[in-house]
Amino acid sequence: MKLFYVACIAIIAFVACEDKTTVSATDGDGTPVKIGFLVSGDRITYPNGAKIAVDEVNERGGLLGRSVELVIQMDIQEAAVAVQAAETMILTDEIVALIGPNRSSHAIEVGAVAQRHGVPMITTAATNPAVTAAGEFVFMAAFTDQFQGRVMAQFTKETLGVNTAAVLTQRGEVYTEGIAEFFTAHFSGFGGEIVAEEFYESGATDFAEQLTPIAAVAPGAIFLSGLPPEVALVTNQARALPLQNAAGEPTLFLGADAWDNPTLLDNEEAAVDGSFFSSHFSPDTDEPSARAFIDTYRALYGIEPTGGDAVSYDAVRLLLEAAERAGSLDADAIRQQLLATEQYAGATRIASYNENRHPTKSAVIMTIENGAKEFYQQVDP
């Protein structure tokens, strides 16, 4: 894990690891087109994908003949900070669009800002369906938790053959509570039985109170709807119990896209081998457009892109392509072209947008072996 964080130094020439930076790949002629990019939490690699999309358009001569710049604010911990950052980018930096943030609870609040100012916004890894509720200017680059929850529930019941599951959820996050609700509803709908539902608070370190009653009902799987720091501790403590199914075998751990994070996979305390989780894409894909992104990412940064890096690239590229089709930086013209998106192919694919500005797209299911994630299967909508 230390090596991962040291990677921040290696990429500083491309994206500064400070709270707010402006990145431009070319000087261009005239006034640059500025795009805001918001990053919630410690996802220090997300600007990498966005930077690649900006490099590509600038290498082709820019957007409508002007160079493109990213105005980046990182490590945002509170929704109020994300809101203020968005306001500043719109009113002071004069951005033409907002990309991000990646945390659903932040994206919901920022969406209201974008809608009020009439600025196009595309979230990155935010997945709760309510992200676009603010109005017609807010779009998602990621699939929704409604879809992701169904994918994991159906996979658990029909592919893994698990009939009973427990759900352990972090309280206080729109994302964690939402995906847990969707998994629960869909798993029951596919004929599975939820035998236990437990909750914990962010920052918790002892999970005996939650794991003991779960162990008593011996579920076939446990869906852990949480963020990497707590997931690492939960899995470690569950294995120590040990947590087993009715046949006396280790209970399967299941997760969602928040698991696609090196801070979990590199954590020596995590006991996640043999687990399954859903994500936005796999670096093992054979899709030509995705392979081009992956090869560029590896060459620039020396590491594998995550699903969040992929949708960060896609969100910026979707915006740029919409503006190019519109032939204008007019906000409403860009909005209309985003809504008209068809068969987009980037790091991930989007067939189209629905009336709620949610994309129709696939998910992938990853498994973890020897501390590394591996592609397991793709699930199409």
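How many bridges join strand E9 to strand E10, and in which sense do the two strands run? In this predicted model, strand E9 (residues 221-225) and strand E10 (residues 252-255) run parallel and are joined by three bridges. Within this pair, Ala 221 faces Leu 252 of E10. In general terms, the strands of a sheet pair through backbone hydrogen bonds, in either a parallel or an antiparallel arrangement.

Strand E11 (residues 276-279) pairs with E15 in the antiparallel sense over four bridges, and here Phe 276 stands opposite Thr 367 of E15. E15 also pairs with E16, again in the antiparallel sense, over seven bridges; Ile 368 has Lys 373 in E16 as its bridge partner. The hairpin of E15 and E16 has two residues between the strands, and in this hairpin Asn 370 takes a positive phi near 55°. Is strand E15 largely enclosed or left open by the rest of the structure? Strand E15 (residues 363-369) has six of its seven residues buried, so the rest of the structure largely encloses this strand.

A further open sheet consists of three strands in the order E12-E13-E14, with antiparallel pairing. Here strand E12 (342-345) and strand E14 (359-360) stand at the edges, and because each has a single partner strand, one side of each lacks a neighbour in the sheet. E12 is joined to strand E13 (residues 349-353) by three bridges, the two running antiparallel, and Tyr 344 is found opposite Ile 350 of E13.

Turning to the side chains, the count of aromatic pairs comes to 13. A cluster linked by ring pairs contains Phe 281, Phe 293, Tyr 297, Tyr 301 and Tyr 313. Arginine side chains also lie over aromatic faces: Arg 171 sits over the face of Phe 199, at 4.3 Å from the ring centre, while Arg 335 lies over the face of Phe 137, at 5.9 Å from the ring centre.

Note on methods:
Residues numbered from 1 in each chain as written. Predicted model: local features only at pLDDT ≥ 70, side-chain atom pairs only at ≥ 80, totals over all residues. Heavy atoms only, no water. Pairing = 2+ DSSP bridges. Buried < 20%, exposed > 50% of the residue type's maximum accessible area, 1.4 Å probe, protein only. Phe/Tyr/Trp six-rings, centres within 6.5 Å; stacked < 30°, edge-to-face > 60°. Lys NZ or Arg CZ within 6 Å of the ring centre and 35° of its normal.
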